[in-house]
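Please find below some notes on the model, written for a colleague who will want the cut-offs stated beside the values.

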Amino acid sequence: MATNSLIEVTPMAAEKLGQVLKDEGENGSLLRVMVVPGPKGGFQYMLGVEKEAKEDDVIVDTDTIQVLVDAESAP
């Protein structure tokens with residue numbers, strides 16, 4: 001299981017996400033997790049696909065995929 005203080009990715013989740021990326025023709029791409037303000041003051045989480053990490057990204061590396069969290073979403 002890949003873990004850091006930001007996010008935990010179980011082996012089953014990493015395997016499934018890796019398969020989804022492969023099925024969508026995005027094999028080798030990175031999964032981005034973003035936190036954005038919600039409509040009523042809370043937060044919403046958005047997922048995206050990236051070809052490469054940005055300089056200030058936090059990278060959670062699993063055996064199957066890499067998950068990116070941008071510096072603004074990390075806190």
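The points below go from the whole chain to two of its residues.

1. This is a predicted model, in which local features need pLDDT of at least 70 and side-chain atom pairs count only at pLDDT 80 or more, while totals for chains, interfaces and linings use all residues. Residues are numbered from 1 along each chain as its sequence is written, and side-chain values use heavy atoms, with hydrogens and water left out.

2. The chain contains 1 helix and 6 strands, and their order along the sequence is β-β-α-β-β-β-β; helices (H or I, at least four residues) and strands (E, at least two) are DSSP runs, numbered from the N terminus. The radius of gyration of the chain is 13 Å, close to the 11 Å that the globule rule gives for 75 residues, so the chain is as compact as a globular protein of that length. That radius is taken over C-alpha atoms, and the globule rule is 2.2 Å times the number of residues to the power 0.38. Along the principal axes, the C-alpha atoms fill a box of roughly 35 × 25 × 25 Å.

3. Of the 75 residues, 28% count as buried, a term that means under 20% relative accessible area (1.4 Å probe, protein chains only). The accessible surface of the chain, from the Shrake-Rupley method with a 1.4 Å probe, comes to about 5,400 Å², of which 52% belongs to carbon and sulfur atoms.

4. Among contacts (heavy atoms within 4.5 Å) between residues at least 6 apart in sequence, 41% join residues at least 24 apart.

5. Ser-29 is found in the loop between α1 (11–23) and β3 (30–37), and is buried, with a relative accessible area of 5%. The side chain of Ser-29 makes a polar contact with the side chain of Lys-51 at 3.4 Å; such a contact is a pair of N or O atoms within 3.5 Å, where, within protein, one must be able to donate a hydrogen and the other to accept it, and residues adjacent in sequence count only if both atoms are side-chain atoms. Leaving aside residues up to four places away in sequence, Ser-29 touches Leu-21, Val-49, Glu-50 and Lys-51.

6. Leu-68 lies in strand β6 (residues 66–69) and is buried, with a relative accessible area of 0%. With residues up to four places away in sequence not counted, Leu-68 touches several residues, among them Leu-30, Val-33, Glu-50, Ala-53 and Ile-59. Leu-68 and Leu-47 are 21 residues apart in sequence, and their C-alpha atoms are 9.7 Å apart in space.

Methods. Buried < 20%, exposed > 50% of the residue type's maximum accessible area, 1.4 Å probe, protein only.
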